[in-house]
Amino acid sequence: MSPGGRGAAWRRIAELGLAVALAAECVAFAALSPHFLTAENLLNVSLQASITAIIAAGMTFVILTGGIDLSVGSVVAVAGIVATSTLKAGLPPSAGIPLAILAALAFGALSGSIAGLFVTRFRVAPFIVTLALMTVWRGTAFVATEGRPIWELPESFGTLGSGRPLGVPLPSLVMLGVYAAAHVVLLHTRFGRYVLAVGGNAEAARLAGIRTGRVVAGVYVLCGVLSAASGVLLASRMNSGQPNAGMMYELDVIAAVVVGGTSLSGGRGSIAGTFLGAMLIAVLRNGLNLLNVNSYVQQVVVGVVILLAVLADTTRKR
């Protein structure tokens with residue numbers, strides 16, 4: 001079997017295993033709680049998962065290149081503040097909301113560009129660069145708002161985060177759209193193939209003529225834009241811009257990607273796996289909440305799941 005064939009076979013086996021684990025998890029919580037399998041609760045699970053899952057789609061591209069982005073939670077906060085501050089400028093909602101979204105996405109692209117520049121041009125480790133950006137953006141969020149939320153926004157802005165076309169939460173529909181697009185980009189475009197090639201062997205990819213720097217910078221921009229999009233949705237759901245929004249999101253996002261089977265050393269993983277990983281963690285949190293499990297105990301459980309996922313990744317590489 002060719003390396004590509006082995007990679008596809010591994011991906012399908014990993015995704016099948018995650019799907020079975022997710023199904024088993026649902027069966028277990030359905031047996032333990034009569035409220036779990038209600039339509040409203042399942043829609044609530046998808047809504048709760050949507051914000052971090054959208055970011056996790058972008059993070060998958062970053063980790064596939066062998067990088068990491070710890071700034072995503074802070075980007076969520078600043079993007080929400082950029083959007084809500086734009087709305088407070090006095091424009092009518094018909095013009096103000098599109099402009100607010102564009103301004104937030106532009107900030108996400110700027111943050112990703114800065115991270116990409118430092119990683120590719122100045123050869124700084126992604127962990128250090130994005131850790132610094134995490135601190136810079138979080139501080140910026142508090143300085144810009146003086147630590148206070150931005151309130152009194154147009155009612156129509158709340159539709160982005162709380163709307164339910166056909167009874168389905170709009171953020172859940174956005175999440176499905178993002179994953180469909182990301183799946184196509186990763187498996188059926190030149191950029192996606194370059195991402196996998198750079199993560200598999202950056203030097204070989206460079207010798208093959210791939211502009212590895214542009215590819216790496218591109219994945220950070222993509223992750224920044226998707227983080228900013230999540231920031232807008234979260235600000236809409238809360239109907240405010242909060243400087244402490246997105247706190248610790250980076251851990252849930254990285255957990256979804258790792259549990260989804262993407263290797264932290266890059267070159268191997270899938271968008272579908274990340275989606276299943278995000279759902280697996282969301283169902284776990286929801287089920288534990290229904291069973292009235294202490295939130296601190298939930299953190300321990302999620303941490304153990306992440307450890308098992310990392311152990312599985314390490315075992316596969318051996």
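A nonpolar core is taken here as a set of buried Ala, Val, Leu, Ile, Met, Phe, Trp, Tyr and Cys residues joined through side-chain atoms within 4.5 Å, where buried stands for under 20% relative accessible area, exposed for over 50% and partly exposed for values in between (1.4 Å probe, protein chains only). The model is predicted, and local features need pLDDT of at least 70, side-chain atom pairs count only at pLDDT 80 or more, and totals for chains, interfaces and linings use all residues. Residues are numbered from 1 along each chain as its sequence is written, and side-chain values use heavy atoms, with hydrogens and water left out.

The largest nonpolar core has 82 residues, of which Met59, Phe61, Phe157, Tyr179 and Tyr220 touch the most other members. Helix H2 supplies the largest share of this core, 13 residues. Helices (H or I, at least four residues) are DSSP runs, numbered from the N terminus. When neighbours within four places in sequence are set aside, Phe61 is in contact (heavy atoms within 4.5 Å) with Ala182, Val185, Leu186, Phe191, Val195, Val219, Leu222 and Ile271. In soluble globular proteins, nonpolar side chains tend to be buried together.

Helix H2 (residues 39-64) also packs against helix H11 (residues 249-259): the two axes come within 8 Å and cross at roughly 65 degrees. Axes are lines fitted to C-alpha atoms, for helices over the stretch in contact, and angles run from 0 to 180 degrees between N-to-C directions. The crossing of H2 with H11 is right-handed, meaning that the near helix is turned clockwise from the far one by less than a right angle. On the H2 side, Ile51, Thr52, Ile55, Ala56, Met59, Thr60 and Ile63 take part, and on the H11 side Tyr249, Asp252, Val253, Ile254, Ala256 and Val257. These residues comprise 10 nonpolar, two polar and one charged, with Ala, Val, Leu, Ile, Met, Phe, Trp, Tyr, Cys and Pro counted as nonpolar, Asp, Glu, Lys and Arg as charged, and the others, Gly among them, as polar.

Helix H11 is largely enclosed by the rest of the structure, because nine of its 11 residues are buried. Among the buried residues are Tyr249, Glu250 and Val253. Gly261, which follows H11, has a positive phi near 100 degrees.

Five salt bridges are found in the whole structure, each being a side-chain nitrogen of Lys or Arg within 4 Å of a carboxyl oxygen of Asp or Glu. One of them joins Asp252 to Arg285, with the closest N and O atoms 2.9 Å apart. This pair links distant parts of the chain, Asp252 in H11 and Arg285 in helix H12 (residues 271-290), 33 residues apart. Asp252 is partly exposed at 23% relative accessibility, whereas Arg285 is buried at 18%. Glu203 and Arg206 form another salt bridge, at 2.6 Å between the closest N and O atoms. Glu203 and Arg206 are three residues apart in helix H9 (residues 202-207), so about one helical turn separates them.

Most residues other than glycine have a negative phi, and most peptide bonds are trans. Leu166 has a positive phi of about 60 degrees although it is not a glycine. Leu166 lies in the loop between H6 and helix H7 (170-188) and is exposed at 89% relative accessibility. Asn292 likewise has a positive phi, near 60 degrees. Asn292 is found in the loop between H12 and helix H13 (295-317) and is exposed at 70% relative accessibility.

Key. Helices (H or I, at least four residues) and strands (E, at least two) are DSSP runs, numbered from the N terminus.
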